[in-house]
Amino acid sequence: MDTINALSVQLAPHNPRGLLLHNPVIAASGTFGYGDEMSGVCDIQRLGAIICKGTTLAPREGNKQPRIAETPSGMLNAIGLQNMGVEALIATKSKIWAGWRVPVIVNIAGESLEEYAELARTLEGVPGISGLEINISCPNVASGCMEFGANPDSAARVTSAVKNATSLPVIVKLTPNACDIVAVAKAVAGAGSDAISLINTLKGMAIDTKKRKPILGNKTGGLSGPAIKPIALYMVYQVSSAVDVPVIGGGGIMTSQDALEFILAGATAVEVGTATLVNPAAATDIVEGLESYVAANNVKFAELIGAAQR
Ligand SMILES: Cc1cc2nc3c(=O)[nH]c(=O)nc-3n(C[C@H](O)[C@H](O)[C@H](O)COP(=O)(O)O)c2cc1C
């Protein structure tokens, strides 16, 4: 983690601990498990970082099946934050992560400010964890989470609560299901977020015309994949010109060309989600594609960040 190369990016420049990535390609939460499950299908150590499945204080069973529905150019999911809970994560995963070159960021979700702060306190000082991503954007749980991300005041309050409970770099993950995502971004940056990631999924649904019922057990879900890319790209463009902390862009990134669009729009790094469900090596392929682009065009990576804004 101490070497700089052509694609290195610093995601927490204002945090004494920093969050230096070898490259800007991050496996998005919920699509890469805890990383270890993926080590047989791609070289996970080639990634810039891995963000694990959304983690809550207590284990969660998740929502009723079906939880996934394919849609044109995308998919709906309503997993409902199924996860092992923070204590099991510390007991079983952090020791594995501690031996890795690739940094692991834990995505945390709660139903109250106290739960978010408690999660951050519990993860403080645990080896193998390089940062926290605060999920205030999950559309698939009945209470908490997205409610915090939908307005600037509650988003700022949860950011402060977590920042006060940890020395780890903190990334706040925003929802596109907010009236004014730029206002939310400014509020969380003002509350001390080290970086901002966007976008989580867009709330949507699909209906089975034979059964005349919603397809998903949860009725509604979160839309991801190429269908959301133009929306995500525009939001990244807007947010990155409004805040002075690094922005991590994502939503529908399938190829290195897509990743490059987000970087040119202003993202310092990118998150790759649904693409991994189609091709488990999608994120590592994107690392290679970006390396080739920088070499072929003889350009410094830093010069690409936000180039389309100038
Ligand atoms: C099956 C699935 C599970 C997800 N679980 C989480 C999660 O636990 N926490 C979170 O912050 N985002 C979660 N997401 C959202 C992704 O991390 C990502 O932000 C979103 O899907 C948009 O990117 P994409 O179009 O590249 O997938 C999930 C997405 C999918 C498809």
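Guide: Quick ground rule before we start: Ala, Val, Leu, Ile, Met, Phe, Trp, Tyr, Cys and Pro count as nonpolar, Asp, Glu, Lys and Arg as charged, and the others, Gly among them, as polar. Also, this is a predicted model.

Visitor: How do the residues of the shell around the ligand divide into nonpolar, polar and charged?

Guide: The ligand has 22 residues around it, with Ser 29, Lys 53, Gly 225, Gly 252 and Thr 274 the closest. By the ground rule, Gly goes with the polar ones and Lys with the charged ones. The shell comes out as five nonpolar, two charged and 15 polar.

Visitor: How much of the ligand does the protein bury?

Guide: Start with the polar side-chain atoms: one from Lys 53 sits 2.9 Å from a ligand oxygen, and one from Thr 274 is 2.6 Å from a ligand oxygen. On its own the ligand would expose 610 Å², and the share buried by the protein is 96%.

Visitor: Which pocket does the ligand take up?

Guide: Lys 173 also has a side-chain N or O atom 2.9 Å from a ligand oxygen. As for the space the ligand takes, that's the largest pocket.

Visitor: Is Cys 179 buried or exposed?

Guide: Compare Cys 52, which has 0% relative accessible area and is therefore buried. The cut-off for exposed is over 50%. Cys 179 has 85% relative accessibility, so the label is exposed.

Note on methods. Residues are numbered from 1 along each chain as its sequence is written. This is a predicted model: local features need pLDDT of at least 70, side-chain atom pairs count only at pLDDT 80 or more; totals for chains, interfaces and linings use all residues. Side-chain values use heavy atoms; hydrogens and water are left out. A residue is near a molecule or strand if one of its heavy atoms lies within 4 Å of it. A polar contact is a pair of N or O atoms within 3.5 Å; within protein, one must be able to donate a hydrogen and the other to accept it, and residues adjacent in sequence count only if both atoms are side-chain atoms. Accessible areas come from the Shrake-Rupley method with a 1.4 Å probe; for residues, only the protein chains shown count as cover. On a 1 Å grid over the protein atoms alone, a cavity is a set of points where a 1.4 Å probe fits but cannot get out, and a pocket is an open set with protein on both sides within 12 Å along at least five of seven lines; lining residues have an atom within 4 Å of a point. A molecule sits in a cavity or pocket if more than half of its atoms lie within 2 Å of its grid points. Buried means under 20% relative accessible area, exposed over 50%, partly exposed in between (1.4 Å probe, protein chains only).
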